[in-house]
Amino acid sequence: MSALGDPTRRAILERLLKGPLAVGALASQFPVSRPAISQHLRVLKRAHLVIDTPVGNRRLYAVDPAGVEALRAYFDRFWMQALDAFKKMAEQTALKEER
């Protein structure tokens, strides 16, 4: 989760949603150095949000669908809990108003 705490990493992930890129192509789209982009990619890879695939003498980085799905499932649980709590409170309020 902390991997997405950095705005540059979030922007990298958003860019990779459009399709895979090599580090150099990715770095050209950001105001940080290529080594900094590589470091951000390592963090995203350790968080299972990005995968890399060797293509010739470079690596292409792409969003890891399994990692993003796991993140979505994590947040879906919170959403469902919030909806359940809201429903319970609404029902309790309706009962009080009926009395």
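**Salt bridges, sheet and helix packing in the predicted model**

Asp-76 and Arg-72 lie 4 residues apart in helix H4 (residues 65-98), which means that about one helical turn separates them. In this predicted model, their side chains meet in a salt bridge, with an N to O distance of 3.7 Å. Asp-76 is partly exposed, at a relative accessible area of 35%, whereas Arg-72 is exposed, at 52%.

Salt bridges that share partners also join Lys-45, Asp-52 and Arg-59 into one network. In the contact between Lys-45 and Asp-52, the closest N and O atoms are 2.7 Å apart. For Arg-59 and Asp-52, the corresponding separation of the closest N and O atoms is 2.5 Å. Asp-52 has a relative accessibility of 15% and therefore counts as buried, the cut-off for this class being under 20%. Lys-45 is partly exposed, with a relative accessible area of 39%, and Arg-59 is likewise classed as partly exposed, at 37%. The count of salt bridges comes to 3.

The sheet is open and consists of 3 strands in the order S1-S3-S2, with antiparallel pairing. Strand S1 (21-22) and strand S2 (50-55) are the edge strands, each pairing on one side only. Between S2 and strand S3 (residues 58-63), the antiparallel pairing extends over 6 bridges. Within this pairing, Pro-54 has Arg-59 of S3 as its bridge partner. Helix H1 (residues 7-16) packs on the sheet and touches S1, S2 and S3. The direction of H1 makes an angle of about 95° with that of S3.

Helix H3 (residues 34-46) contains 13 residues. From its first C-alpha to its last, H3 reaches 18 Å, close to the 18 Å expected at 1.5 Å a residue. Its buried residues are Ile-37, His-40, Leu-41, Val-43 and Leu-44. These residues cover an arc of only 160° around the axis and therefore lie on the same side of H3. Pro-35 and Arg-46, on the other side of H3, are exposed. The buried residues of H3 pack against H1, helix H2 (23-27), S2 and S3. After H3 comes His-48, which has a positive phi, near 65°.

How values were computed. Residues are numbered from 1 along each chain as its sequence is written. This is a predicted model: local features need pLDDT of at least 70, side-chain atom pairs count only at pLDDT 80 or more; totals for chains, interfaces and linings use all residues. Side-chain values use heavy atoms; hydrogens and water are left out. Two strands pair if DSSP finds at least two bridges between them. Helices (H or I, at least four residues) and strands (E, at least two) are DSSP runs, numbered from the N terminus. Contact means heavy atoms within 4.5 Å. Axes are lines fitted to C-alpha atoms, for helices over the stretch in contact, and angles run from 0 to 180 degrees between N-to-C directions. The expected span of a helix is 1.5 Å times one less than its number of residues. Buried means under 20% relative accessible area, exposed over 50%, partly exposed in between (1.4 Å probe, protein chains only). The arc is that of the directions from the helix axis to the C-beta atoms. A salt bridge is a side-chain nitrogen of Lys or Arg within 4 Å of a carboxyl oxygen of Asp or Glu.
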